[in-house]
Every structure is written in structure tokens, then in C-alpha cells.
Amino acid sequence: MIPWDAIADLDMTLSQSTMVTRLLLPPGASWPERVPGGRNVKLDRKRRIVTVSVGLPRGMPPQDFADLIGRYRAAHQARRILAEHAPAEAALGEAGAPRTTPSEAQPA
């Protein structure tokens, strides 16, 4: 398993009906260990690239699969940003600052 934070970049290409995903890991990221049965994974330690080959889900076009992976990555980034701001907002709430929701009318 490779956490999203450990991926510097990724690219995806279609080879017949197999999606080939290459993950570039930055120098500080821990290197994944090969697992039994992981024959569709290639590890290039020298270039720090992990290549994963998977068949497309039945009936899913290649672009939809790539978009799905992109949404997973965007969701991870959104969770990280929210987690960074959550402590600051909690401190504001504890200090007595009024909390409003977007649906509440703002005073003029």
C-alpha cells in the first residue's frame, strides 16, 4: 500500500485492455515492499518508480477509470487541507467566536 502523500506524480497509459499506472515516489518516501502474488507490480528502486498494471473494470471506458483515480487523489488533497484548517477553526470556536453556516444570513 502506498499512501497518497508518498506519490510525487503519476501517469496512466492504456495497453490493450490493461491500465498501466506509474507512480513516482519522492526521495523521502518509504519504499514499498513486494507482496506475495503481486505479479502486476514492478518496482524500479533506482528511478523510484512503481508500475501497477490492472485490467479495466467491466464496461468502464479508460477515461472514466483515469477520472476516478483523479477524483481519489483530489479527495485526499481536500481531506488534507480540511485537516490542516480544522485545528485553527476549533481554536476559534473555543475562543467564543460566533460560528455561522453558509445558509445563515450575515449581518449587514
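My entries follow, from fold to pocket.

**Ground rules.** I am working from a predicted model, where local features need pLDDT of at least 70 and side-chain atom pairs count only at pLDDT 80 or more, while totals for chains, interfaces and linings use all residues. Residues are numbered from 1 along each chain as its sequence is written, and side-chain values use heavy atoms, with hydrogens and water left out.

**Fold.** I looked up the elements and got one helix and four strands (DSSP runs numbered from the N terminus: H or I of at least four residues for helices, E of at least two for strands). Along the sequence they read β-β-β-β-α.

**Pairing.** I count strands as paired if DSSP finds at least two bridges between them. β1 and β2 run antiparallel over seven bridges, and D11 has R22 in β2 as its bridge partner. Their hairpin has two residues between the strands, and Q16 there takes a positive phi near 60°. β2 also pairs with β4, antiparallel over seven bridges; I noted V20 bridged to S53 in β4. β3 and β4 are antiparallel over four bridges, with V41 opposite V52 in β4. That hairpin has four residues between its strands, and R48 in the turn has a positive phi of about 60°.

**Core.** I checked burial next: 18% of the 108 residues count as buried (under 20% relative accessible area with a 1.4 Å probe, protein chains only; exposed is over 50%, partly exposed in between). The largest nonpolar core has eight residues: A6, I7, L10, L23, L25, A29, W31 and V50. Such a core is a set of buried Ala, Val, Leu, Ile, Met, Phe, Trp, Tyr and Cys residues joined through side-chain atoms within 4.5 Å. I followed L10 and, leaving out residues up to four places away in sequence, found it touching W4, R22, L23 and R73 (contact: heavy atoms within 4.5 Å).

Which residues are closest to the centre of the largest pocket? The pocket holds about 480 Å³ of space, and of its 20 lining residues I2, L23, V41, V50 and V52 are closest to the centre. I used a 1 Å grid over the protein atoms alone, a 1.4 Å probe, an open set of points with protein on both sides within 12 Å along at least five of seven lines, and lining residues with an atom within 4 Å of a point. Volume is the space filled by probe spheres set on the points, which are joined across faces, edges and corners. β4 gives the most to the lining, with three residues.
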